[in-house]
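Please keep the sequence and the model open while reading.

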Amino acid sequence: MTNPLRVGLRQERVIAPQCLVIFGASGDLTHRKLVPALFELFRQRRLPSEFALLGCARRPWSDEEFRQKMAEAMETSVNENRAAWEQFSAGMFYEPVDLQQPEDLVKLGHRLDEIDRTRATRSNRTFYLSVSPKFYGSGCRSLADAGLLKDPQRSRVVIEKPFGRDYGSAQNLNRVVQSCGQENQIFRIDHYLGKETVQNIMVLRFANTIFEPIWNRNYISSVQITAAETVGVEERAGYYETSGALRDMVQNHLTQMLAITAMETPGRFDPEAIRSEKAKVLQAARLADENEPWNCCIRGQYGPGGTQDSPLPGYRQEHGVDANSTTETYVAMKLFIDNWRWQGVPFYVRTGKRLPKRLSEVVLTFREAPVHLFDAAGGGPTANQLVLRIQPDEGAEFRFEVKSPGSGMRSRPVEMEFSYDESFGEPSDEGYVRLLADAMLGDPTLFTRSDEVEAAWRLYTPLLELIEDSPWQLPIHPYESRTWGPAASDALLARDGLLWRRP
Amino acid sequence: MSPQLTLQTPLELPPSEVPGYLEQLWSRDQPNNVGAHTFCLLIWQPAWVEQQLVRTGRLDGPITGVQRSQLIAAGRQSVVDGDLPISTPPLTEAVATCLGQMDGGHTSEDLRGQHVDAALSNLRPRRLITLAPSLDSEQPLETLVAAYCPLPEEGGGTVACGDVVVLRGGKPALQEGLAILDPLLPEELPAWVWWNGALDEAPELLQQLASSPRRLILDSALGEPGFCLNLLASRIEAGQAVNDLNWLRLGSWHQTLAMVFDPPHRRDALGHVVQLDIDVEGDHPVQGLLLGSWIADRLGWELQHTQRNPDQSISANFKRTDGADVQMRVSPVPMGQPSIHPGQIVGLRLICKPDNQPPICVILCAESGGCMRLEAGGMASMELIEEVVPVQHSPVEADVSRQLEGGHDSTNPLLAAAAPLAAKLIS
């Protein structure tokens, strides 16, 4: 049962009239994520009436064809909300554009002027580059050359991940992009930041007095950040073979979770203040052993697994994957952050495909009590743990010791739980809904700034160089599908007398 | 943000020459003059209290129509000086009428329409047309025109991107000037009408100005309550996009009440409401009725009977979807320091009696006051849930700006459902 008093009620900031231009409109992301997110915003009345969506790609579609393709791709949602779709799709247009052709950009400019006139979109434009990463730089340049980015108050560019392939290419791309517009016009998207629970880490830390005083090296002994997927490479082999887990997950999503968990308190809730703190903490982060990275990083690749009835292929047997591929599908590593708050506290980060569960979480393990006064059910008392569950079953739990009932004074761990479902009972918006709304609002809080991106790439440079120059020093450890990664990953923590949390 | 003045001194023109002048200003043969392709805003800006306060020497000019703090303070003082009930909000018709009986001949510059609040100017309206009625009903029509643009450091360019038109004079003179309005509101741009006065002070004029498809911004806290609700309901029924600032100010009440029932284990109680009490400031029940109607609509209650009681409260009986009765009562309470907006809600009590569970009593209380009246009355055996509701303090210009910024060409469906029911409750 939904909360009838919650229906139609939104305390949202107001998106100004505008035209959202999607380059790569014929691509997968547009019909799978972007248009559904916009339709959701429309149904929640968070889009103004003066809104237009202009799809752009090289295919010679008409407006009607574009609407039709999107409706087909979103069949269920469209059929359930036919009247709303008719209204929404009346504001959808299409223009064939090749970003490399200056005359196409001139044509685009005229089309946007026309849309401004017919839809009163007030010359506010958000350009979404859902194109191949190799066109990010040239795409921005084309927009700038066509004069479409000249008003920093009214035009913005959203750039999908990955932003660069390494530190050098990220720097180069930043240089190109920043020569096309001001930093506040550039929105580098990381859809993990659109997750309610990732944002909740900030609220948990900075809106409560009980956590921040103990959120440091004096009380926390280690931090684990996990993003586990059950799926394999699926249809993305072409991309994944060139990126691997390090570039696909660690450099962006996991590093953002690390930054939000470890950042200092911003002076105020302001996009630049928050992004500065995130950049600072990433600049202070380093691999646990930069000179011999193989001591602090484990790469793995899933092999065959599953059951006799439903066998799962190994990565090298997947369609489109090189039979001798050395692309990692699993990474575990140990990091340190050299600042007053975190000096000496290990941050363990892991991500992998074909693991037993789909989940993302941050686990903060607190130091043990200095003296053990009581017998514990498990031998010694269990360290307090705060688990921030990002997905699924979003929420948080805190583990602490209590007295076991009965005579004597034995302790045992129990958990105190907070669940989004139980407290709010409503599903959160999909990450793209939040991020698209923020981009159109011009709010960059949940987007990564140039210095953050560069700091994140720089953090992993020793690993990337090693993989490039002498990959045998960072070997690929095979692991069976639907297991928790290679044994070497467990050994990484075992050396510190720790275990990965088994969720 | 401080209000901004127009960049150039407004030019006084005969009314008949205004459309031609503006057409020339934006004509295509002057390539540097590109008008913002945004929206037009037509404002009814009587500022009666401000005019009277200036006339009686209780407030320094100029007259701007903007709700500044000195104006509110002078209005409050006038309530005391005029021996009005202490619950009288400081900027209402009662205060203007009281001031109108006082002597005074002070004059001041009248900058209504030329003094644009930054919350509005930041949206770069293409055209702001202000109708500024004067206290002196004999005053002839004056028409002022000026090009206008946000300052370059605020993101504006160096070229004019909008214009302001001010029609000033006595009400009869303004009525004559209306003939020039239609050509000044181009069809291709969304047009909004902000009625910044009591809804019943000039119904025919309101009818003339706010014809569909123009989008209407009004404040149902201003004017005779029954008239306000009937107007709201009839406009919505006619399909016009209506934005009610009084409804907008209900936002934190909506949110807080919804929040109480967000945890799934409490939701069942919503099907077992037996009593709803709402306390409002002074004698203007519209906001309370809108909130009560919203709850009734969301929970599917059917109105059975309504009546006005001797203590000026309004009570109503509803049938729930399961056929059980619900009592609702909206009661006026006197306030020592009333809000500038008449009839703001100060407290809400919702009593639910779920089967086989202890009854639940939800009390929401405005942060500006206490809820002792609602807390009284034998609720010791109930599960008590109390929340404090934050009071919104945003200036009216900021509220209007929010409506203009995320413009909709239809009425918020929740308001569209609540307003007709609220109108029935007061009838």
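A:Arg482 is found in the loop between strand S18 (476-481) and helix H15 (487-494) of chain A; helices (H or I, at least four residues) and strands (E, at least two) are DSSP runs, numbered from the N terminus. This is a predicted model, in which local features need pLDDT of at least 70, side-chain atom pairs count only at pLDDT 80 or more, and totals for chains, interfaces and linings use all residues. Residues are numbered from 1 along each chain as its sequence is written, while chains are lettered from A and ligands numbered from 1 in the order in which they are written.

**Positive phi**

- A:Arg482 is not a glycine, yet its phi is positive, at about 65°.
- A:Arg482 counts as partly exposed because it has 15 C-beta neighbours inside 10 Å; with C-beta atoms placed from the backbone, a residue is buried if 20 or more other C-beta atoms lie within 10 Å of its own, exposed if 12 or fewer, and partly exposed in between.
- B:Arg124 also has a positive phi, near 50°, and sits in the loop between helix H5 (118-121) and strand S5 (127-133) of chain B.
- Is B:Arg124 buried or exposed? With 23 C-beta neighbours inside 10 Å, B:Arg124 counts as buried.

**Cis peptide bonds**

- The bond from A:Lys161 to A:Pro162 is cis, with omega near 0°, and A:Pro162 belongs to the loop between strand S5 (155-159) and helix H7 (167-180) of chain A.
- In chain B, B:Ser212 and B:Pro213 are joined by a cis peptide bond with omega of about 10°; B:Pro213 is in the loop between helix H8 (203-209) and strand S9 (215-218) of chain B.

- Neighbours within four places in sequence aside, A:Leu436 is in contact (C-beta atoms, placed from the backbone, within 7 Å) with A:Leu34, A:Ala37, A:Leu38 and A:Leu41.

**Helix H11 of chain B**

- The buried residues of helix H11 (residues 251-260) of chain B are B:Trp253, B:His254, B:Leu257 and B:Val260.
- They lie on the same side of H11(B) because they cover an arc of only 130° around the axis, taken over the directions from the helix axis to the C-beta atoms.
- These buried residues pack against helix H12 (264-267), helix H13 (286-299), strand S15 (345-352), strand S16 (360-366) and strand S17 (383-389) of chain B.

**Domains of chain B**

- Chain B is divided into domain 1 (4-245) and domain 2 (251-389), with C-alpha centres 36 Å apart.
- 13 residues of domain 1 of chain B are in contact with 16 residues of domain 2 of chain B.
- On the domain 1 side, helix H9 (residues 225-237) of chain B gives the most, with three residues.

**Chain A against chain B**

- 27 residues of chain A are in contact with 28 residues of chain B.
- Helix H5 (102-119) and helix H11 (420-424) of chain A are the elements that give two or more residues to the chain A side, and H11(A) gives the most, with three residues.

Terms used:
Contact = placed C-beta atoms within 7 Å. Domains from an automatic or database assignment.
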